[in-house]
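This report goes through a structural model, element by element. The sequence and the coordinates are shown first.

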There are 2 protein chains.
Amino acid sequence: MLSKDKMMLCERQADILQALGHPIRIAIAHFLKDGEQCVCDIAEFVGSERSNVSKHLSIMINAGLLESRKDGLNVIYRLKCRCIPDFLSCVTDVLKQQVKDNKKLSRVL
Amino acid sequence: MLSKDKMMLCERQADILQALGHPIRIAIAHFLKDGEQCVCDIAEFVGSERSNVSKHLSIMINAGLLESRKDGLNVIYRLKCRCIPDFLSCVTDVLKQQVKDNKKLSRVL
DNA sequence: TTACTATGTGAGTATATAATCACATACTCA
DNA sequence: TGAGTATGTGATTATATACTCACATAGTAA
């Protein structure tokens with residue numbers, strides 16, 4: 001049986017996964033890999049309303065994935081941690097593996 | 001603006017993250033790192049009802065994270081992809097980084 | 001000051017998710 | 001066969017999440 005401490009760790013890990021577990025938030029993370037951006041440009045990139053994007057951004061801030069700074073009227077967001085792109089490419093590896101398995105399967109069918 | 005294809009990719013990545021984005025499902029993944037297990041033992045390990053665990057397992061199966069086989073009365077689950085442990089350690093890296101940043105901050109306060 | 005712009009927030013709604021319980025299914029073994 | 005066990009599923013309920021719209025805030029610039 002899992003200890004209290006390990007369960008707490010699982011909860012914190014789940015928080016991080018949930019904070020990235022939405023198509024718009026993934027897209028935001030991909031966009032910010034190439035450098036910091038304002039809400040305006042992020043909203044344009046992901047193709048959603050600004051108020052909605054603003055909420056997604058605050059979810060990511062709360063999870064410690066992003067940080068922001070003000071620049072005049074704009075608020076500029078950036079990835080807080082260099083490991084997030086690594087992390088995303090890990091997800092991609094899982095996807096690639098699934099595609100590979102599917103191909104193997106389709107050859108048999 | 002994000003292309004349709006890229007958006008689809010983000011959706012598939014989000015599916016995977018969501019399928020792992022729950023404390024119980026993370027705990028299951030950790031447990032299965034060390035080898036396949038039946039529902040019974042998984043439920044005992046994560047400390048939740050069997051029917052609930054069964055539903056979590058089917059979420060992970062649908063996301064392509066796990067596979068299962070029958071063995072008499074039991075159903076044995078295992079990780080489908082060796083990259084899932086790597087993936088989990090990536091989440092841990094993000095957490096570690098956050099802890100490190102917090103320490104730095106607390107020294108300043 | 002006033003008009004304008006970028007962002008954040010609250011209310012309301014729709015939808016998704018999680019947990020529990022009761023029950024169905026499938027298998028084992030006497 | 002019948003009792004017992006492991007698992008899965010459907011109904012229900014409670015809660016969380018996402019989205020939209022309207023509005024508030026904060027800064028810019030004339």
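## The sheet of chain B

In chain B, strand 2 is joined to strand 3 (residues 74-79) by six bridges, and the two run antiparallel. One of the pairs links Ser68(B) to Tyr77(B), its bridge partner in strand 3 of chain B. The model is a predicted one.

The sheet of chain B is open and has three strands in the order 1-3-2, with antiparallel pairing. Its edge strands are strand 1 (37-38) and strand 2 (66-71) of chain B, each of which pairs on one side only.

## Helices across the sheet of chain B

Helix 2 (residues 23-33) of chain B lies across strand 1, strand 2 and strand 3 of chain B. The angle between helix 2 of chain B and strand 3 of chain B is about 90 degrees.

Helix 4 (residues 50-62) of chain B lies across strand 2 and strand 3 of chain B. Helix 4 of chain B runs at about 120 degrees to strand 2 of chain B.

## The sheet of chain A

Chain A has an open sheet of three strands in the order 1-3-2, and the pairing is antiparallel. Strand 1 (37-38) and strand 2 (66-71) of chain A are the edge strands, each pairing on one side only. Strand 1 of chain A is joined to strand 3 (residues 74-79) of chain A by two bridges, in the antiparallel sense. Gln37(A) has Tyr77(A) as its bridge partner in strand 3 of chain A.

Between strand 2 and strand 3 of chain A there are six bridges, again with antiparallel pairing. Among the bridge partners in strand 3 of chain A are Leu79(A) for Leu66(A) and Asn74(A) for Asp71(A). The two strands form a hairpin with two residues between them. Gly72(A), in the turn, has a positive phi of about 65 degrees.

Helix 2 (residues 23-33) of chain A lies across strand 1, strand 2 and strand 3 of chain A, at about 90 degrees to strand 3 of chain A.

## Arg78 in strand 3 of chain A

Arg78(A) is a residue of strand 3 of chain A. Its relative accessibility is 28%, so Arg78(A) counts as partly exposed. Leaving aside neighbours within four places in sequence, Arg78(A) is in contact with Leu32(A), Glu36(A), Leu65(A), Leu66(A), Glu67(A) and Arg69(A). Lys33(A) is 45 residues away from Arg78(A) in sequence, and the two C-alpha atoms are 8.2 Å apart in space.

## Helix 4 of chain A

Helix 4 (residues 50-62) of chain A has 13 residues. From its first C-alpha to its last, helix 4 of chain A reaches 18 Å, close to the 18 Å expected at 1.5 Å a residue. After helix 4 of chain A comes Gly64(A), with a positive phi near 80 degrees.

The buried residues of helix 4 of chain A include Val53(A), His56(A), Leu57(A) and Met60(A). They are on the same side of helix 4 of chain A because they cover an arc of only 100 degrees around the axis. Lys55(A) and Asn62(A), on the other side of helix 4 of chain A, are exposed. Among the elements that cover the buried residues of helix 4 of chain A are helix 1 (4-20), helix 2, helix 3 (39-46), strand 2 and strand 3 of chain A.

## Contacts between the chains

Ile16(A) belongs to helix 1 of chain A. It counts as buried because its relative accessibility is 1%. Apart from neighbours within four places in sequence, Ile16(A) is in contact with Leu65(A) and, in chain B, with Val91(B), Val94(B), Leu95(B) and Gln98(B). Ile16(A) and Cys38(A) are 22 residues apart in sequence and 22 Å apart in space, C-alpha to C-alpha.

Gln97(B) is located in helix 5 (residues 83-108) of chain B. With a relative accessibility of 15%, Gln97(B) counts as buried, because the cut-off is under 20%. Not counting residues up to four places away in sequence, Gln97(B) touches Cys81(A), Arg82(A) and Cys83(A). The side chains of Gln97(B) and Arg82(A) make a polar contact at 3.4 Å.

Definitions and conventions:
Residues are numbered from 1 along each chain as its sequence is written. Chains are lettered from A and ligands numbered from 1 in the order in which they are written. This is a predicted model: local features need pLDDT of at least 70, side-chain atom pairs count only at pLDDT 80 or more; totals for chains, interfaces and linings use all residues. Side-chain values use heavy atoms; hydrogens and water are left out. Two strands pair if DSSP finds at least two bridges between them. Helices (H or I, at least four residues) and strands (E, at least two) are DSSP runs, numbered from the N terminus. Contact means heavy atoms within 4.5 Å. Axes are lines fitted to C-alpha atoms, for helices over the stretch in contact, and angles run from 0 to 180 degrees between N-to-C directions. The expected span of a helix is 1.5 Å times one less than its number of residues. Buried means under 20% relative accessible area, exposed over 50%, partly exposed in between (1.4 Å probe, protein chains only). The arc is that of the directions from the helix axis to the C-beta atoms. A polar contact is a pair of N or O atoms within 3.5 Å; within protein, one must be able to donate a hydrogen and the other to accept it, and residues adjacent in sequence count only if both atoms are side-chain atoms.
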